[in-house]
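Hi,

Here is the structure I said I would pass on.

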Amino acid sequence: MLICPRCGRTSEEKEFVEAFCIDCYEFNIRLPKGLKVVLCKRCNRMNLQGEWQQLNRRKISEYVAGKCKGDFTGADCDIDTGACTFTFEKAGKRATLQRQVDLEKQVTMCPDCCRSSGGYFEAIIQLRGDMGRVEAEAERLGNLLAKKTFVSKIEEMHGGLDLYVGSSRAVSTVLHDLGFKPARSRKLFGRKEGKNIYRVSYAIRL
Ligand SMILES: [Zn+2]
Ligand SMILES: [Zn+2]
């Protein structure tokens, strides 16, 4: 049986790490200040270290763990409260430690959502043909495009649907990946930073 030299409790009352009880043992950990995760209230994506991406709680934990110093082997953080559970392996035993991390959650609107809510688009996908197939394709494309950009509106047109999409590059990539060879046409839309901006239409017959 062990007796903790700090508080006098025994290993029958408390879990021990080396010579100390788990409450008195000094885990080697240094927590950073001013960590921030930005969330978009519209698409629910997160901005971690400058990049907008799918919300992923494991990635947030990894990010926080990467900023903490110490000999812990794992970290699990709750983004809503900043409560983190650190795992230590000491003398072949696992111990966990709860700490509050200074993690600010900021809720805002990402640039894509700002543009999309303002009706911005760079590309139109014109799906034409049998309406059942058009609708199924619109859904599939919408899901794929949502991972890269946004669909700002879908309009029913004569004989099909028009999808208004935020990024023409994303449309090119997705259509190419799916093996589509759409008829492409472009219209000058304006100039940005000295470059011509085009709106591109992609016509697909199904
Ligand atoms: Zn103790
Ligand atoms: Zn967003």
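A donor here is an N, O or S atom within 2.8 Å of the metal. By that rule, the donors of the zinc ion (ligand 1) are spaced C-x2-C-x13-C-x2-C along the chain. Keep in mind that this is a predicted model.

Which residues hold the zinc ion (ligand 1)? The SG atoms of Cys-4, Cys-7, Cys-21 and Cys-24 coordinate it, at 2.3 to 2.4 Å.

Next, helix 1, which covers residues 57-67 and has Ile-60, Ser-61, Tyr-63, Val-64 and Ala-65 as its buried residues. What do they pack against? Their partners are strand 4 (35-40), strand 5 (46-48), strand 8 (74-77), strand 9 (83-90) and strand 11 (103-108). Where helix 1 starts, Asn-56 has a side-chain oxygen within 2.9 Å of the backbone nitrogen of Arg-58.

Last one: Ser-167, in the loop that runs between strand 14 (160-165) and helix 4 (168-177). A polar atom of the Ser-167 side chain is 3.3 Å from the backbone nitrogen of Arg-169. Leaving aside residues up to four places away in sequence, Ser-167 touches Glu-122 and Thr-149.

Cheers

Key. Residues numbered from 1 in each chain as written. Chains lettered and ligands numbered in written order. Predicted model: local features only at pLDDT ≥ 70, side-chain atom pairs only at ≥ 80, totals over all residues. Heavy atoms only, no water. Buried < 20%, exposed > 50% of the residue type's maximum accessible area, 1.4 Å probe, protein only. Helix = DSSP H or I, 4+ residues; strand = E, 2+ residues; numbered from the N terminus. Contact = heavy atoms within 4.5 Å. Polar contact = N/O pair within 3.5 Å; in protein donor to acceptor, adjacent residues only side chain to side chain. Donors = N, O, S within 2.8 Å, 3.2 Å for Na, K, Ca; no water.
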